[in-house]
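Thanks for coming, everyone. I'd like to walk you through one model today. Have a look at it on the screen.

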Amino acid sequence: MTHSMDLLTHSDHALVDETVVLRRCAQYRDGFKGVAVSYPATLLRYTTVRNWIRRQRVAVDVTTRPELAQAVLAGTDPGRIVVHSREGLGELTRRAVSIEAARFVVISSRHASRLAAHTRTRQRVLIDATTDDVSSVASDVLAHRDLDLVGLHCRLGAGDVVGALTLSRAIGEMSWIRR
């Protein structure tokens with residue numbers, strides 16, 4: 001299972017204390033031992049945070065083409081890039097496949113099928129744990145020989161500070177998938 005979270009709300013006029021962001025990054029990493037934690041690509045704009053992400057070899061979530069470009073330019077190892085492509089098989093997914101991004105988060109059976117149909121190599125796939133029918137999507141991912149289901153992806157939601165609600169649902173779904 002992987003986790004990602006929004007560490008800060010950024011507006012163009014807000015001043016961000018990079019020390020606070022670094023502390024939060026470390027807290028999330030340490031608080032979720034045994035779970036891969038990924039951080040939003042938007043954090044790569046902060047030099048200190050970008051350097052910490054590279055040193056700690058943690059994953060970076062990208063959701064848009066500019067974020068993917070930012071991650072690549074920041075020197076993020078493609079093996080540490082997690083792609084969230086809401087548009088199915090759009091330009092973001094094509095570019096991420098071409099650089100051999102580590103994992104792709106799928107949100108539906110259709111999304112999984114489109115990814116499988118357009119890949120050149122076996123792709124590691126996470127299912128978005130907030131998807132309405134995780135078990136159905138998991139069955140469909142497992143049916144594609146070019147997709148390797150490696151887990152679920154949880155994003156901590158507003159009001160779910162410790163992630164208890166999101167995690168408990170995901171753990172139940174993972175139990176079903178294992179069976």
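This is a predicted model: local features need pLDDT of at least 70, side-chain atom pairs count only at pLDDT 80 or more; totals for chains, interfaces and linings use all residues.

The protein has seven helices and seven strands. From the N terminus they run β-α-β-α-β-α-β-α-β-α-β-α-β-α. Of the 179 residues, 45% are buried. The accessible surface comes to about 9400 Å², and carbon and sulfur atoms account for 50% of that. Now take contacts between residues at least 6 apart in sequence: 51% of them join residues at least 24 apart.

On to the core. The largest nonpolar core has 37 residues. Which members touch the most others? They are Ile 53, Val 62, Val 83, Val 106, Ile 127 and Val 141. Look at Val 141. Among its contacts are Val 106, Ala 112, Ile 127 and Leu 149.

Ala 112 brings us to helix H5, residues 109-117. Its buried residues are Ser 109, His 111, Ala 112, Leu 115 and Ala 116. Seen down the helix axis, these fall within an arc of 160°, so they line one face of H5. On the other side, Arg 110 and Ala 117 are exposed. What covers the buried residues? The cover includes helices H4 and H6, along with strands E5, E6 and E7.

Next, a histidine. His 84 sits in strand E4, residues 81-84. Its relative accessible area is 5%, so His 84 is buried. The His 84 side chain makes a polar contact of 2.8 Å with the side chain of Asp 61. His 84 also touches other residues, including Val 62, Leu 92 and His 153.

Finally, charge. The structure holds four salt bridges. Glu 91, Arg 94 and Arg 95 are linked in a network. Glu 91 to Arg 94 is 3.5 Å between the closest N and O atoms. Glu 91 to Arg 95 is 2.9 Å, N to O. In general, an α-helix has 3.6 residues a turn, so residues three or four places apart point the same way. Arg 95 is partly exposed, at 41%.

Another salt bridge joins Asp 148 and Arg 122, at 3.8 Å, N to O. Asp 148 lies in strand E7 and Arg 122 in the loop between H5 and E6, so this pair ties together parts 26 residues apart in sequence. Questions, please.

Notes: Residues are numbered from 1 along each chain as its sequence is written. Side-chain values use heavy atoms; hydrogens and water are left out. Helices (H or I, at least four residues) and strands (E, at least two) are DSSP runs, numbered from the N terminus. Buried means under 20% relative accessible area, exposed over 50%, partly exposed in between (1.4 Å probe, protein chains only). A polar contact is a pair of N or O atoms within 3.5 Å; within protein, one must be able to donate a hydrogen and the other to accept it, and residues adjacent in sequence count only if both atoms are side-chain atoms. Contact means heavy atoms within 4.5 Å. The arc is that of the directions from the helix axis to the C-beta atoms. A nonpolar core is a set of buried Ala, Val, Leu, Ile, Met, Phe, Trp, Tyr and Cys residues joined through side-chain atoms within 4.5 Å. Accessible areas come from the Shrake-Rupley method with a 1.4 Å probe; for residues, only the protein chains shown count as cover. A salt bridge is a side-chain nitrogen of Lys or Arg within 4 Å of a carboxyl oxygen of Asp or Glu.
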